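User: Could you walk me through reading helices, cores and strands in a model like this one?

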Amino acid sequence: MTTTKIVTFTGSKGGVGKTTILFNFASWLASQNKKVLLIDADFQASLSSTFNVITNQNTLLDVFIGSQPEVRQVAENIDLIPASPNLDQVETLIQGKMFREYVLLNWMNKNKDVIYSYDYVLIDTHPEFSMLTKNTIAVSDAVIVPLEPSEYGFTQLKNQFELRMAEFREASIDPRTNASDIDAKVYFIGSKARSTTTSSRLFKEELESIPNNIGVIKFSEIMPTSTFTKVAVTNMTADKLRSYKGYKDHLVEEFTKLTQTIDNI
């Protein structure tokens with residue numbers, strides 16, 4: 001029985017720190033001697049760019065056109081299947097296929113030896129509930145949705161995502177078993193919460209009332225700096241973190257909770 005956990009990071013809105021959280025989480029897992037495969041399913045390729053992989057050759061797109069992507073080692077214990085800028089064409093490319101929501105699942109089933117050699121497979125997506133995102137959700141054990149402390153970034157988008165997930169589950173019910181093929185657990189994680197604002201305080205209080213909330217990543221300038229410099233916060237030197245006292249410990253605590261949640265699925 002495999003212990004590999006597959007997790008999609010997604011949402012209905014950009015700019016909530018999704019890729020930054022994923023990059024830092026993956027780097028922390030790797031530092032714990034976990035083998036991590038990253039799959040960049042966002043045509044903007046932010047995650048791939050963080051690892052200096054900008055290419056249109058042997059990318060995730062190849063899965064959807066009947067070819068084979070290349071798994072690239074990008075750091076110790078971290079491999080990557082990069083995005084293609086043409087991933088926004090996936091919906092058109094597979095429009096005529098039967099079971100088009102399961103193209104990625106079929107590819108993974110054919111490449112089990114590769115996929116299940118990792119402890120974690122983490123997938124970054126474009127912030128929309130597209131056919132490509134549905135493909136990533138279909139293979140996932142968990143879906144992580146970052147939320148930020150604003151009315152439109154939190155309540156409305158949380159409800160919108162839950163509605164789309166419910167529709168996807170309903171549309172994927174197997175008539176033979178009356179059970180949905182989509183069994184990924186959805187979890188919300190707070191992002192960019194500041195300790196000094198009323199909106200962030202109310203945001204944290206509201207999050208705590210949500211059963212599938214798994215924590216809050218506090219705001220710090222060091223987070224966007226980490227993707228810009230391509231060095232995860234937990235890998236930074238003490239000198240670099242001198243102005244951000246306690247933030248590394250905060251991330252380790254939140255990532256530990258996230259890992260425990262994923263492992264218990």
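**Reading the helices, core and strands**

Analyst: Helix α1, residues 18–31, has 14 residues and reaches 20 Å from its first C-alpha to its last, close to the 20 Å expected at 1.5 Å a residue. Helices here are DSSP runs of H or I with at least four residues, strands are runs of E with at least two, and both are numbered from the N terminus. The expected span is 1.5 Å times one less than the number of residues. This is a predicted model, where local features need pLDDT of at least 70, side-chain atom pairs count only at pLDDT 80 or more, and totals for chains, interfaces and linings use all residues. Residues are numbered from 1 along each chain as its sequence is written, and side-chain values use heavy atoms, leaving out hydrogens and water.

User: How many residues of α1 are buried?

Analyst: Buried means under 20% relative accessible area, with a 1.4 Å probe and protein chains only. In α1 that holds for 13 of the 14 residues, so the helix is largely enclosed by the rest of the structure. N33, which follows α1, has a positive phi, near 65 degrees.

User: How do I read the pattern of burial in a helix?

Analyst: An α-helix has 3.6 residues a turn, so residues three or four places apart point the same way. In α10, the buried residues are Y247, H250, L251, E254, F255, L258, T259 and I262. Seen down the axis of α10, they fall within an arc of 165 degrees (taken from the directions from the axis to the C-beta atoms), so they line one face of the helix. Their cover includes α1, β1 and β5.

User: Which residues touch the most other members of the largest nonpolar core?

Analyst: Nonpolar side chains tend to be buried together in soluble globular proteins. A nonpolar core is a set of buried Ala, Val, Leu, Ile, Met, Phe, Trp, Tyr and Cys residues joined through side-chain atoms within 4.5 Å. The largest one has 36 residues, and F9, F25, L38 and L122 touch the most other members. Its largest share, eight residues, comes from α1. A second, separate core of 25 residues includes I81 and M108.

User: And how do I read a strand?

Analyst: Side chains in a regular strand alternate between the two faces of the sheet. In β2, V36, L38 and D40 point one way and L37, I39 and A41 the other way, and all are buried. Strands pair if DSSP finds at least two bridges between them. Four bridges join β2 to β4, running parallel, and six join β2 to β5, also parallel. In the latter pair, D40 stands opposite D124.

Methods:
Buried means under 20% relative accessible area, exposed over 50%, partly exposed in between (1.4 Å probe, protein chains only). Contact means heavy atoms within 4.5 Å.
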